[in-house]
Amino acid sequence: MCGRQLFDTHSRHYEYLVMPFGLTNAPATFQGLMNSIFQRFLRKFLLVFLDDILVYSKNITEHIQHLKEVLQTLRIHSLFAKRSKCYFVVSEVEYLGHIINAHGVSANSNKVAAMVSWPLPRTLKQLRGFFGLS
């Protein structure tokens, strides 16, 4: 499996430069790709959820080596990280609504405050909205 999404039509050949989330099963396919290319790193020093990649290490030397391996893997599969969305060598990070640091994982206080202040759902639609938030 390669990192490129390709398809042909009767008139020309197309290649997506970004993930086509409007397509059926595109997120699941992309997650499968990420799991496949990063399989040897997963849960050793890497977590991936779609395009959120979390690299964690015990020290700075190890972290730099881990980053090199992850970025090389992306390059090999023609995948790219947008620099403006990347954070390198930080001691605390928000990941999927949680705060992760050397002390462990905790809930993001902003998310908790939003849940606590959410009005009491009175309809099924409002209840679904709350579940979407939480």
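Val 48 stands opposite Ile 53 in β4. The structure is a predicted model, in which local features need pLDDT of at least 70 and side-chain atom pairs count only at pLDDT 80 or more, while totals for chains, interfaces and linings use all residues. Residues are numbered from 1 along each chain as its sequence is written, and side-chain values use heavy atoms, with hydrogens and water left out.

**Exercise 1.** Describe how β3 and β4 pair, and assign the residues of β3 to its two faces.

*Solution.* Begin with the strands, which are DSSP runs of E with at least two residues, numbered from the N terminus: β3 covers residues 46-49 and β4 covers residues 52-55. The two pair in the antiparallel sense over four bridges, where pairing requires that DSSP finds at least two bridges. In β3, Leu 46 and Val 48 form the covered face, whereas Leu 47 and Phe 49 form the uncovered one.

**Exercise 2.** Locate Asn 108 and determine whether Asn 108 is buried or exposed.

*Solution.* Asn 108 lies in the loop between β7 (104-107) and α3 (109-117). Its relative accessible area is 6%, and because buried means under 20% (exposed is over 50%, partly exposed in between, with a 1.4 Å probe and protein chains only), Asn 108 counts as buried. Leaving aside neighbours within four places in sequence, Asn 108 is in contact (heavy atoms within 4.5 Å) with Glu 94, Gly 97, His 98 and Ile 99.
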